[in-house]
Amino acid sequence: MDMTDLQQDLAAFWMPFTANRQFKQAPRLLAEAKGMYYKTPDGREILDGCAGLWCVAAGHCRDEIVRAVQDQVARLDFAPSFQFGHPLAFEAANRLAAITPPGMDRIFFTNSGSESADTALKIALAYHRARGEGSRTRFVGRERSYHGVNFGGMSVGGIPGNRKVFGNSMLPGVDHLPATHDLARNAFSRGQPAHGAEFADELERIVALHDASNIAAVIIEPMAGSTGVLLPPKGYLERLRAICDRHGILLIFDEVITGFGRLGGAFAYDAFGVKPDIMTMAKAINNATIPMGAVAVRDELHDAIVNAAPEGAIEFMHGYTYSAHPVACAAANATLALYEREQLFKRAAAMAPHFEAAAHALKGARNVIDIRNFGMVAAVELAARPGAPGKRGYEALVKCFGKGVLVRVTGDIVAVSPPLVAEKAEVDRIFATLAEVIATID
């Protein structure tokens, strides 16, 4: 196939979050995957340095998950979750409830992180209404946060590009906390940064402005992933939790990226010791085999909503056709069993010190202005090229791919988050390749 034919074949797919014209001039195609590696259509191996898109925690095409999906699609391809159920959905909910923070045992299934974020916002509103505090409708998000691309998630999110294009159509009544990233004080931090707990105090100002009686929830990522691996400073989450408790405001953790071992425990609660009221999940919930998401809720919230409705009435007017899809549930059950059997969360925690050392070995490399890490995720931030922000980052992405390593880039920030099954040699290769590439970028 010549280039003209290839470009014609690529034309129909309008690619998400991609510079389409640029990509289709020089496409980077992935055709197969197994374990830690992708394979291109011409047979070249690509080491996966970002777990697909933060989501393939157990490595690609694991036999147990593949078999579960194959068996399930032949047995029960679809079953409605509106007024009906199937056993796998309840099994998946119970498996999740076994690893969520204590007292967060009620699970609502969605199909993506975006849907999970919007579901969490709706649950917060429904809870306050059920308790007779229907005036609590305002949300507080955070700058440089990402909660998906549905209108609710974008509204509480803090990505300027989304807000520039869609800002006039977002939810009203949303405020934002400042981002926690403080390059001047925290550059080259290992683990949680030392400075910045006081950023949480901005919530007190917002409460004073609007009154707590009008605020439903605060939603944050414990660690902001998509906007560049922005870690919570020591004491920040604890302070935010205390302020929310003081004013009766719900705290929502978006754990779409941080969940399922990325930080060295099942969820951020295991890493930081702070428990939210509502928690969103997706991505690694079933190793990204089939689209799936979920929301875990404190039992008291669930009970307040359910018990406020008349007997026989639908208590929560929300859901999706594919909520708890049988094939997605089969993949989730197989994945969660695999995580437990192979102790992948503990494995990630044990690998974290080596991962940290490999990442920080790039300190002093050309144009590197910061390196930060926690668990099995790290960011290498490059100084922006004058007048061309994001160009160095994109060049690093392309050159790493050319050398057989897949990384994730946000602007001039290179994120590394390999599958949790990565061996030390593979971790070393990822960062060695990145070092080689950075040395070639002006």
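A residue counts as partly exposed when its relative accessible area lies between the 20% limit for buried and the 50% limit for exposed. In this predicted model, Phe151 has a relative accessible area of 43%, so Phe151 is partly exposed. Phe151 belongs to helix 7, which covers residues 151-156. Together with Val165 and Phe166, Phe151 makes a nonpolar surface patch of about 290 Å².

Charged pairs were examined next. Side chains of opposite charge can pair when their charged atoms come close. The whole structure holds 25 salt bridges. One of them joins Asp63 to Lys34, with the closest N and O atoms 3.0 Å apart. This pair links distant parts of the chain: Asp63 sits in helix 4 and Lys34 in strand 1 (residues 32-34), 29 residues apart. Asp63 is partly exposed at 44%. Lys34 is partly exposed at 47%.

A salt bridge also forms between Asp442 and Arg366, where the closest N and O atoms are 3.0 Å apart. Here 76 residues separate the partners in the chain. Asp442 follows helix 17 (424-438), and Arg366 lies in the loop between helix 15 (344-360) and strand 11 (368-374). Asp442 has 54% relative accessibility and therefore counts as exposed. Arg366, at 40%, is partly exposed.

Glu395 and Arg385 meet in a salt bridge at 3.2 Å, N to O. Glu395 is in helix 16 (residues 391-402), and Arg385 is in the loop between strand 12 (377-382) and helix 16. The two are ten residues apart. Salt bridges with shared partners also join Arg241, Asp245, Asp277, Arg298 and Glu300 into one network.

Key
Residues numbered from 1 in each chain as written. Predicted model: local features only at pLDDT ≥ 70, side-chain atom pairs only at ≥ 80, totals over all residues. Heavy atoms only, no water. Patch = residues over 30% accessible without salt bridge, like charges linked within 9 Å, V, L, I, M, F, W, Y side chains within 5 Å. Areas by Shrake-Rupley, 256 points an atom, 1.4 Å probe, with all protein chains shown as cover. Salt bridge = Lys/Arg side-chain N within 4 Å of Asp/Glu carboxyl O. Helix = DSSP H or I, 4+ residues; strand = E, 2+ residues; numbered from the N terminus. Buried < 20%, exposed > 50% of the residue type's maximum accessible area, 1.4 Å probe, protein only.
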